[in-house]
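Subject: Structure handover

Hello,

Please find the structure below. My notes on it follow.

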Amino acid sequence: MAKLISGRIDEILNLTGLTLIGLANLTAVGEKAIRSYHSRTLPISVETVNKLCVPFSISLALFFDFKKPIHLSEEELKTLNEFKAEFFPKKMGYFKEEKDAFIAKPKSKGHKREREYIAYIVKQTEYFSTPRTIAQMIADFERDHNLKLESGRLYELLKKYIGSDLERVVSIKTNQDGLQSKRQIYLYRCKKKS
């Protein structure tokens, strides 16, 4: 069931052009929570599903009828269009189209700067055209962007892009003696277009 609900969330994102963050803000569902529902790490309540459906006039019956695709008419997108008119110019990461609109390097500070820099690197550079490990990224980002991140923080910042912009793939580490290690490492790369 969680996989089907995650697929329905993807369907809504594709129909609306929203990102997970945008959907969370439009529907007043917490950003962390919606990421957890989408990644199937947290069960979702019917009440929360209803919050996701209301702005688009999607009935709960249609949402849970996984054999039928969701279609949205212009009238059903009225709330979305008002939301877009208000927030798209602010470039807050609520819309997939912002990828093209997000050009400048961030000038903010603290955690906001970290989030914006990772968005900039993922969406506006070719950095991930070559698969990278977390360790490589930490060294590169500090050297090239004066961005000092711990591995756990970097992992959290990258999570939101997995599936949409990036892929996380398993690789086998080779030891200095040339033998394969039993330890797996993860590489992050641009998501291949299907």
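**Notes on the model**

Strands S1 and S2 (residues 180-190) pair in the antiparallel sense over eight bridges; two strands pair if DSSP finds at least two bridges between them. Helices (H or I, at least four residues) and strands (E, at least two) are DSSP runs, numbered from the N terminus.

This is a predicted model, in which local features need pLDDT of at least 70 and side-chain atom pairs count only at pLDDT 80 or more, while totals for chains, interfaces and linings use all residues. Residues are numbered from 1 along each chain as its sequence is written, and side-chain values use heavy atoms, with hydrogens and water left out.

Five residues lie between S1 and S2 in their hairpin, and Gly178 in the turn has a positive phi of about 90 degrees. Within the pairing, Ile172 has Gln184 in S2 as its bridge partner.

S1 (166-174) is also among the elements that cover the buried residues of helix H8, as are helix H9 (134-145) and helix H10 (151-159). Those buried residues (under 20% relative accessible area; exposed is over 50%, partly exposed in between; 1.4 Å probe, protein chains only) include Glu114, Tyr117 and Tyr120. H8 (residues 110-124) has 15 residues and should span 21 Å at 1.5 Å a residue, which agrees with the 21 Å between its end C-alpha atoms. The expected span is 1.5 Å times one less than the number of residues.

Elsewhere, Thr27 is in helix H2 (residues 20-27) and counts as buried because its relative accessibility is 6%. Not counting residues up to four places away in sequence, Thr27 touches Lys51, Leu52 and Pro55 (contact means heavy atoms within 4.5 Å).

Regards
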